[in-house]
Amino acid sequence: MEKILHKILQRIALLIQADRCSYFGCRARNGTPELSTILFDVMHNSPFEKNIVNPNMEIVFPTDMGVVGWTAHSKKPQNIPDVKKDSHFSDFVDKQTKYTTKCMITAPIMTGKEPLGVVMALNKQGANEFSKSDQELFNKYVNFASVIIVQAHTSYMWDVESRKSQVLLWSASKVFEELTDIERQFHKALYTVRTYIKCERYSVGLLDMTKDKEFFDEWAIKLGEQEPYKGPKTPDGREINFYKIIDYLLEDKEEIKVIPGPPADHWALVSGLPSYVAENGFICNMMNAGADDYFTFQKEGVDETGWKIKNVLALPIVNKKEEIVGVATFFNRKDGKPFDENDEQITESLTQFLGWSTLNSDTYDKLNRTEWRKDIAQEMLMYQTRASLNDVQTILNTQEKFGSAPEDCDQKEMYKLLKSNIPEAKTVELHEFRFSDFPLSEFELIKCGIRCFFELGVVEKFKVQAETLTRWMYTVRKGYRDITYHNWRHGFNVGQTMFTLLLTGKLKKYYSDLDAFAMVAAGFCHDIDHRGTNNLYQTKSLSPLAKLHSSSVMERHHLEYSKTLMEDENLNIFQNLQKRQFETVQRLFEVCIIATDLALYFKKRTMFQKLVESMQEIPEEKERINYVSNNPTRKEIIMAMMMTACDLSAITKPWEVQSKVALMVAAEFWEQGDLERTVLEQQPIPMMDRNHADELPKMQCGFIDFVCSFVYKEFARFHSEIQPMFDGLNNNRSEWKALADIHEAKIKALEDEKKKPELEQGRLSAHDASCGGKSKTCIIC
């Protein structure tokens, strides 16, 4: 463009007999428009090399100075016959060039409504001013110049927009590739977009985000032994401290330097510009930086390469919280010209995006910290709940018997010792549906739980270490809270019922030994860490559990707790399984524990009923077994319904057991109702309201009819061996119905008593009316 424009200016100088012509380009820096010399003092015979202005030697002035500035500002051509009489004239350029301007003619080069530059001709040769014909001829050639300049500007703007798009696209791509920390995030983005910035070098200073000092750091200041910080601060009050500088050298051999803890006299900081930008949040675009009086840039080479600072563009990197997290400084545009407003826009887009992207690393850091806190909390929890060595020794007393710790004992000998220390299944009726935990202590229930696994034959088969099994069983017990009903006794009863369904109920034939192992273990764990309130209360109270789990809130918590035990090698009774076997166990735990959510029971019972009906149509026993055992889905449906039957099994126990358990369940419900009334300020439903305690028998009958009856009726149809559970259910319903009838009779009697005075009063009123309102046979004293 400059060469063609030079020829046009030469022709203008020749045709209108101007002493010289010049072209000034319009640009903006720091939001201020300005003009700079591009072609200067062009005569009709002057060479191009003499007239093209070196960017380091250009003359720059704002658009509110001189006739050329006024031309750009007013966007109108000017013909000044005598510059001394024109109020807009400035001798700023004359003084620098030692030239005397007498008359001049100017014209703006426009693109739309914006000026791109100004063409100027000075001093008419052989006359005192330019004539109208000169101006007309001048304007015609300016039109030619305009075509060239607009075309060049369009090409330049296409390059700017292309670079801006590439900067944003590549920085976005790289920013989301790296989420771990802000340094790696910035480095990847800035290094990738280096070819689109078009500068010789740039550096990024990362600011310390600490707002408050540690209390011990303030002691020396408070004692007067150390001067308080008096330097600049960021807008949000932080002391300006660049903890790291990343320096990108793009000239010749590309190089990246990372300077942790840079000294104050480092060349990238010594000028004071990064601190100024961090303090004020301004964009600073400076040309001829070495000559600046406010900032002290190094005038000599900054390093061993001899590279020197010429032009500087510095921008703050601001995050979503409007905190300045760093300062990006770009040095020396590659074409030697100062950075203009387009460079500011490209780099500002980049730094804005980098600032916003810190949200990714901040979120990643918060997630990490949350995970670390969870791990610490889990470690603290496991320390408190994991059975200690002394706890284990109360059951597996190797020190007493062998004089050694469990890890030093033979495994077979420990199996024998453990079996001798736990009750026989027959003694405590472990195989019976009528089993009751009331005669046993909670410690004895731990031993009974261990016996269940030996009875299943899974301990030695799956190489479960005696110490690990004992510690796991003890730890599961400690994992249950001391609440009214959903405590360790309930957890044990569910595990024992699963054990009984498998062996006594003959359902084991559909499942492998590994399945049975997992199902009984899941039964023991199914309500671990229960809080005594149901899922609805967790949701209404906006508890952390409800926020974490969107459905089956408590059940998913019990499952997560159970899996946590599996993560501890000292507690993992499944640690010697193969990987696929262990994955199967985890899947079965999920099926079993989530199935105890009664909200899911109504979804699965129709499928179970259809499965039972299908089984009754298969005459051969072997085919019936294969129908279930060869289909994982059917196995899971039966398994899920078995867990429901286990969870509700107290309703099938002998009446003396069921009546006590029902009162414990009701007491826990009433405790929740009290919480709903006091904490949530809501009226509880009758089942949770202790004011409706007298209605317990009636509610029990409704619960049996609506929920329980289907389960045990279908299981009795499915396997006749499970009939005792259905019989127990029906017997308990009769008992509850009798109590409900007695309660109804009492209520009716009370209502009748209330109605008697009303009936008597009505009878007397009727008699008085028939006797004219006065009795003749009796006197009331």
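Glu 322 is exposed, with a relative accessible area of 69%, where exposed means over 50%, buried under 20% and partly exposed in between, for a 1.4 Å probe and protein chains only. This is a predicted model, in which local features need pLDDT of at least 70 and side-chain atom pairs count only at pLDDT 80 or more, whereas totals for chains, interfaces and linings use all residues. Residues are numbered from 1 along each chain as its sequence is written, and side-chain values use heavy atoms, with hydrogens and water left out.

**Positive phi values**

- Glu 322, a residue other than glycine, has a positive phi near 65° and sits in the loop between strand 11 (312–318) and strand 12 (324–333); strands (E, at least two residues) and helices (H or I, at least four) are DSSP runs numbered from the N terminus.
- Glu 681, which is not a glycine either, has a positive phi of about 55°, is found in the loop between helix 26 (655–678) and helix 27, and is exposed, with a relative accessible area of 70%.

**His 486**

- The unreviewed UniProt entry carries the annotation "active site" at His 486, although such annotations, given here in the numbering of this model and with shortened feature names, may be inferred rather than shown by experiment.
- His 486 lies in the loop between helix 16 (466–479) and helix 17 (488–503) and is buried, with a relative accessible area of 15%.
- Leaving aside neighbours within four places in sequence, His 486 is in contact (heavy atoms within 4.5 Å) with Tyr 480, Asp 527, His 530 and Glu 668.
- The side chains of His 486 and Glu 668 make a polar contact at 2.4 Å, a term for a pair of N or O atoms within 3.5 Å of which, within protein, one must be able to donate a hydrogen and the other to accept it, residues adjacent in sequence counting only if both atoms are side-chain atoms.

- Beyond neighbours within four places in sequence, the contacts of Phe 589 include Ala 518, Cys 525, Leu 559, Met 566 and Phe 574.
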